[in-house]
Amino acid sequence: MSSYSGTESRGRVDELIGFNTDLTGKDVVILEDIVDTGITIDKIISLLEYENAASVKVCTLLYKPASFKGNHKPDYIGFSIPNAFVVGYGLDYNEKGRNLDAIYQIRQTKKSQNKMLNIVLFGPPGAGKGTQSERLIEKYGLVHLSTGDIFRANIKGETELGVLAKNYIDKGQLVPDEVTINMLKAEFKKHEDPKGFIFDGFPRTNAQAVALDEFLAEFSTGITSMISLDVEEEELKTRLAHRAKTSGRPDDANPEVIQNRIDVYRNETAP
């Protein structure tokens, strides 16, 4: 990407070195290998304001949300990573570590949260996420974060987020991302020095996946593995109908709501 200098040009002090293209009415995309503080991006965008571009977007391979202090968050992000020193693929420091076959970061200590085992477990309603979570928890000592359990706890407690979530759950619809993410963050922060987490039923959308990556990066950790459970649709309906009789969950008793929940998963979440 271009850099800037301190010589006077076009009536202002700063200019982009080697840049002589007319951007009037054009859409501009700034390509970055890594964005950390965002200070350089802010400066370049401020210079481009003089060029009359129709729009300016930022695309980066790597993004460090924990260290970001800028005003222009990248529009397109390849990977959100912890605030760690990285090398490889042309990323280097004083020409060390350039052209490695992958991207590497400095090894963390054994006590670092980066050693947490974080598993995303997803599948349609009735696929058995709860059952499989129990087995993983027993084996690895993980904390189970189920969006369904979190929703029900908030609904039972009649919290502001719980009342809002209930309106969507009763209709078999996905709870809006912002509500889901805020509930999950609150539960995550309740646990000190955990071995790791099982995220059951989350993320369900691309926006949720990005939010989860950024949130975990703040704690110098990330997703270790993703497990998908695949079950035939008729078997799902049978399981949910049976669960409605034993668990007292009203969202499992209505066939139309069940079908809508399955359809929402197939259309918005299934890989």
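**Exercise 1.** Which residues of H6 are buried?

*Solution.* Before we start: this is a predicted model, where local features need pLDDT of at least 70, side-chain atom pairs count only at pLDDT 80 or more, and totals for chains, interfaces and linings use all residues. Residues are numbered from 1 along each chain as its sequence is written, and side-chain values use heavy atoms, leaving out hydrogens and water.

Step 1: apply the cut-offs: buried is under 20% relative accessible area, exposed over 50%, partly exposed in between (1.4 Å probe, protein chains only).
Step 2: the buried residues are Gln208, Ala211, Leu212, Glu214, Phe215, Leu216 and Ala217.
Step 3: these residues pack against strands S4 (55-63), S5 (76-80) and S8 (117-122), as well as H5 and S10; contact means heavy atoms within 4.5 Å.

**Exercise 2.** Is lysine 195 buried or exposed? Find what lysine 195 touches, too.

*Solution.* Step 1: look in the loop between helix H5 (177-188) and strand S10 (196-200).
Step 1: with a relative accessible area of 59%, lysine 195 is exposed.
Step 2: leaving out residues up to four places away in sequence, lysine 195 touches Met116, Leu117, Tyr140, Gly141 and Leu142.
Step 3: take leucine 142, which is 53 residues from lysine 195 in sequence, yet their C-alpha atoms are 5.8 Å apart in space.

Notes: Helix = DSSP H or I, 4+ residues; strand = E, 2+ residues; numbered from the N terminus.
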